[in-house]
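Here are some notes to read alongside the structure.

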Amino acid sequence: MNPTVLIVDDDPALLEALPEALRLRMSELTVETSDSAPDALAKIAVADYDAIVSDIKMPGMDGLALLDEIQKVRPETPTLLITGHGEHDLAVQALRRGAYDYIQKPIDREYFTVSLSRAIEKRRLDRQIELQRLELERHSHVLEHVADGVFVVDCDGVVQFWNLAAEQITGIALADAVGNPAGDLLGGWDDVSPSIPVAGAERPKRQLARMLPFEVNGRELWLSLCGVEVADATVYSFQDRTDERMLDKLKDDFVATASHELRTPLAAIYGAAKTLRRDDVLDDEGVERMMAMIASESERLARVVDDILVASHLDSGRLSFASAPVDVRALVADVVDSMQMHAENGVAIDVDAPPNGLPGVAIDPIKLRRVLLNLLENAIKYSPEGGPIVLRIASVENGRLRLAVHDEGLGIPHADQERIFDKFYRGDPQLARGVGGTGLGLYICRELVQRMGGEIELESEPGKGSTFTVELPVRAAAGAR
Ligand code: ADP
């Protein structure tokens, strides 16, 4: 767009001559005129001129007063004032009050054109800088709010920028990050940062991020990072991969425990079968013992395989839920009977139910049975001293069925309590030493209960025991008592 200037003068001769002179020298210029300061102000209010030229001496509002007004409404517009010959004081005043330049009468057209061109150029550059500033602001706004953590490290290793996501992922506030060495914030930075892929002048291509561990405020964080070199700094972007890393580790552990869980009963069954084939070593009682062992170990094997299958069905959403009339008391008695057979450590399982009859309910009996079996199996497994176990039918009220499995076994360390329902999570290996498990039992319980619209809660004191409470929504069903 062509630059546009406004010339303000009460002298009609000058108001005609000046634009003419400018058009001759600056062909691309658009010139508008005003014959008074108030008229000029009205024009300035609506148009953003590239420069304004005004006579300093005008009747009514003079050039200096006009300059003051321009400074208020368009401070970025360069203004040139025309002063009378020898009016140095006025010229100095004009400059002090923010005029870009002054032009003395009689006007030297050459000087006037050069000064005005410079004023227009300055305005153009100012506008460009403003655009770039806005652009930069937009970029930094984007960087500030992207989901990835972004930080900038200068050539001395000091952090110069730290965005919101970096704060959220690491828990390190902006004020604590900026100005500090990256090595002080991300433990291990000095050792591992050389292996972070960084795109630079020599490797301009986008680099694939690399997953690396850092210690942050006593926590281990796995971050997937990559960087770009810019001038004298490096911009790093990262994502938090700690959860995936933990899951990978849990999966690895699971493969190890699951194969152990499968191999142990298989070995026992194999041993028993081999012994049975030799008719010279066993009496009738021995044969019976071996057969019982094969039966119970096969059952254990089936349970492990079943857990793995149910967990996989849960993940893929392939598990469907039914609803049938259920006699809760009978279902509980049946679950306890079948579990009691496995309680090798002689643990007694008591059932505690309200003395009066229970209302009939409709629920998925297979899923409920599975939840109770898993909870009871754990209660037995983690009660090495054989303390009592109680399965309590707490209540059937207001469309909610509440059941609780209580044991007085090992209990669960407070630090573990939040995670024991996680998939594959197994508690302290010291405590669970020698006790088999896949870490799927409680995961399955929680998922089944939640998908039936219920809740499962844990109360546990290490060394004293645990109570798992299950609350499920049920529909009333006639018949079952
Ligand atoms: P697992 O196959 O290891 O038993 P679970 O998902 O059933 O897997 O349980 C997860 C962990 O929770 C167990 O490894 C154990 O540390 C802890 N846990 C579960 N139930 C009990 C309980 N009744 N008493 C003590 N610890 C328990």
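**Notes on the model**

1. Let's begin at Ile420, a residue of the loop between α14 (414-417) and α15. Helices here (H or I, at least four residues) and strands (E, at least two) are DSSP runs, numbered from the N terminus. This is a predicted model, in which local features need pLDDT of at least 70, side-chain atom pairs count only at pLDDT 80 or more, and totals for chains, interfaces and linings use all residues. Residues are numbered from 1 along each chain as its sequence is written.

2. Is Ile420 buried or exposed? Ile420 counts as buried because it has 21 C-beta neighbours inside 10 Å. The cut-offs are 20 or more other C-beta atoms within 10 Å of a residue's own for buried, 12 or fewer for exposed, and partly exposed in between, with C-beta atoms placed from the backbone. Leaving aside neighbours within four places in sequence, Ile420 is in contact with Ile412, Tyr425, Gly427 and Leu442; contact requires C-beta atoms, placed from the backbone, within 7 Å. Leu442 is 22 residues from Ile420 along the chain, yet their C-alpha atoms are separated by 6.9 Å.

3. Gly427 turns up again at the ligand, where Asn378, Tyr382, Gly427, Gly437 and Gly441 come nearest of the 21 residues around it. A residue is near a molecule if its C-beta atom, placed from the backbone, lies within 6 Å of it. The elements giving two or more residues to this shell are α13 (365-381) and α15 (441-451), and α15 gives the most, with three residues. By type, the shell has ten nonpolar, nine polar and two charged residues.

4. Helix α13 also matters for the bookkeeping of the largest nonpolar core. Of its 39 residues, Val371, Leu372, Leu375, Leu376 and Cys445 touch the most other members. Such a core is a set of buried Ala, Val, Leu, Ile, Met, Phe, Trp, Tyr and Cys residues joined through C-beta atoms within 7 Å. α13 gives the most to this core, with seven residues. Not counting residues up to four places away in sequence, Leu372 touches Val332, Val335, Leu391 and Leu403. Apart from this core lies another, of 31 residues, among them Leu6, Leu22, Ile52 and Ile56.

5. Val332 and Val335 are among the buried residues of α12, together with Val328 and Met339. The buried residues of α12 pack against elements including α13, β15 and β16.

6. How far apart are the end C-alpha atoms of α5 (residues 109-145)? They are 54 Å apart, which agrees with the 54 Å that its 37 residues should span at 1.5 Å a residue; the expected span is 1.5 Å times one less than the number of residues. Its buried residues are Phe112, Leu116, Ala119, Ile120 and Arg123, and they pack against β1 (4-8), β3 (51-55), β4 (79-83) and β5 (101-104).

7. Finally, some backbone geometry to look at. A cis peptide bond, with omega about -10°, joins Lys105 and Pro106, and Pro106 sits in the loop between β5 and α5. Asn398, in the loop between β15 and β16, has a positive phi near 45°; with 6 C-beta neighbours inside 10 Å, Asn398 counts as exposed.

Methods
Nonpolar A, V, L, I, M, F, W, Y, C, P; charged D, E, K, R; others polar. Contact = placed C-beta atoms within 7 Å.
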